[in-house]
Amino acid sequence: MSYLFIFVFSIFCFIIYLDRSYSHRIVRKELEKLAKFQSKICLKKFNVKCSTFTSGRKNLGFHYRKADLYFMEDAFIIVGFYTLFSKKIYRSILILTNEIELYKQVFNKADEITIPNQLNIKSSNGEVYIDFGKPSFTSTNVLIRLKYLSDFEKKLIKI
């Protein structure tokens with residue numbers, strides 16, 4: 001009986017590992033494509049604390065506590081990750097832009113390329129609130145709160 005439990009538990013862990021490593025590889029490949037837009041990148045900020053909340057279909061790719069941010073002339077890119085033994089394990093890449101078709105051609109495997117429903121960079125507690133998507137059985141609504149961004153960085157968010 002205990003062998004069966006160990007076997008099932010190890011299969012379960014192996015499936016989770018395959019899922020997470022696949023997501024990590026996809027996001028890494030998408031980040032390599034940023035080299036095409038190197039001239040458009042205004043600023044990069046790494047290891048930004050954030051919190052997320054999802055409603056509707058629970059897309060677990062948007063659950064992370066830290067993110068790398070790429071401020072571009074016509075887009076804002078959020079790359080969510082978690083750390084495991086001081087190694088970044090990427091979860092998802094989110095591109096917020098008005099130039100949706102341009103970015104869909106280059107970043108064809110990005111988790112989401114969209115215009116946000118709501119963007120609040122002047123909140124009372126100094127956090128940046130980003131809301132996108134629609135809550136339903138087939139889609140996800142995501143609220144991301146980015147913490148500890150300076151006023152200069154907030155001004156660089158152009159969507």
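Two strands pair if DSSP finds at least two bridges between them. Strands (E, at least two residues) and helices (H or I, at least four) are DSSP runs, numbered from the N terminus. Colleagues, the model before you is predicted: local features need pLDDT of at least 70, side-chain atom pairs count only at pLDDT 80 or more, and totals for chains, interfaces and linings use all residues. Residues are numbered from 1 along each chain as its sequence is written, and side-chain values use heavy atoms, with hydrogens and water left out.

I begin with strand β2. Six bridges join β2 to β3 in the antiparallel sense, and the two strands form a hairpin with two residues between them. In this pairing, Ala67 stands opposite Gly80 in β3. Strand β1, residues 41–56, also pairs with β2 in the antiparallel sense, over six bridges; here Leu43 stands opposite Phe71 in β2.

Why is β2 largely enclosed by the rest of the structure? The reason is that six of its seven residues, within 66–72, are buried (under 20% relative accessible area, with a 1.4 Å probe and protein chains only).

I turn now to the second largest pocket. A pocket is an open set of points on a 1 Å grid over the protein atoms alone, where a 1.4 Å probe fits, with protein on both sides within 12 Å along at least five of seven lines; lining residues have an atom within 4 Å of a point. Which elements each supply at least two residues of its lining? They are α1 (2–32), β3 (75–84) and β4 (87–97). The largest share, five residues, comes from α1. Among the lining residues are Ile16, Tyr82 and Ile89.

How values were computed
Buried < 20%, exposed > 50% of the residue type's maximum accessible area, 1.4 Å probe, protein only.
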